[in-house]
Amino acid sequence: MPNLQQQPRRRTRVVILEDHHLFAESLEVALSIDGYDVRRLGVNDVSSAAAAVSAVSRLRPRILLLDLDLGPLGDAVRLITPMAKEGINVVVVTASDDRARWGECVANGARRVVSKTRPLNEVLSVVRRLSQGLQVQDPQEREELLKAWRDQRASQQDVRGRLNSLTPRERQVLGHLIAGHQVREIARIGVISEATVRTQVKSILSKLGVSSQLAAVGLANSVGWRVEA
């Protein structure tokens, strides 16, 4: 019977999409030493989020190590779902410690979120387990992250509902407060009395359920609210 030459094992391809050059380089070296086929993309290699998805898809990785904050490309959460739909195992590696944000990543299809403050070996361990088809996310931790995300989303919806209850004039006044204008300036800009502005501010605070102008501004900023032009 003829001897059949054994085919070499295909190396698992890992793509790194990372905004921080030194961290990406460290990952690349460590993974290469571990025997993976590593490809690295930086934010300067792609012009948009859509271009990033296309570039990663063309490389056909089994695993993507994705930085959550991609500088000029913005929040990388929106990249997770299209990557996951391509059959790519997305592992988010982030400096953020916001558990609700981690939960959003998981809800969008990330297999695991790893903090950059953790030892590099933790990322390598996740990659190894994924390449072997093993579980990388504790079910209880997954549920805790998803709950943090759902709770935050419900809270933000409540805040937006309160903001939507403001009258058009109250929204304009809140916009002025966000811009740092004082009551006297708002009265001058709107050609109305300071007493009228104070009444409007009082109504804004009541509807938003806060006790100060600073708290009202903070609440609006927490959901990225801006007055419509």
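What share of the 229 residues of the chain count as buried? The figure is 40%, where buried means under 20% relative accessible area, exposed over 50% and partly exposed in between, with a 1.4 Å probe and protein chains only.

This is a predicted model, in which local features need pLDDT of at least 70, side-chain atom pairs count only at pLDDT 80 or more, and totals for chains, interfaces and linings use all residues. Residues are numbered from 1 along each chain as its sequence is written, and side-chain values use heavy atoms, with hydrogens and water left out.

The pLDDT, the predictor's confidence in each residue from 0 to 100, averages 92 over the chain, and 95% of the residues score at least 70. Residues 1-9 have a pLDDT below 50, and beyond near neighbours in sequence this stretch has zero contacts in the model, a contact being heavy atoms within 4.5 Å. Where pLDDT is low, the predicted coordinates should not be read in detail.

The chain holds 10 helices and five strands; these are DSSP runs numbered from the N terminus, with helices being H or I of at least four residues and strands E of at least two. The chain is more spread out than a compact globule, because its radius of gyration is 24 Å, well over the 17 Å that the globule rule gives for 229 residues. That radius is taken over C-alpha atoms, and the rule is 2.2 Å times the number of residues to the power 0.38. The C-alpha trace spans about 100 × 35 × 30 Å along its principal axes. Of the contacts between residues at least 6 apart in sequence, 65% join residues at least 24 apart.

The accessible surface of the chain is about 13100 Å², and carbon and sulfur atoms account for 48% of that area; the areas come from the Shrake-Rupley method with a 1.4 Å probe, and for residues only the protein chains shown count as cover.

Two residues other than glycine have a positive phi. For Arg60 the angle is near 50°; Arg60 sits in the loop between helix H2 (49-59) and strand S3 (63-67) and is exposed, with a relative accessible area of 69%. For Val191 phi is about 55°. Val191 lies in the loop between helix H8 (183-190) and helix H9 (194-208), and its relative accessibility of 73% makes it exposed.

Asn121 belongs to helix H5 (residues 120-131) and counts as exposed at 54% relative accessibility. Its C-alpha atom is separated by 62 Å from that of Ala195, 74 residues apart along the chain.
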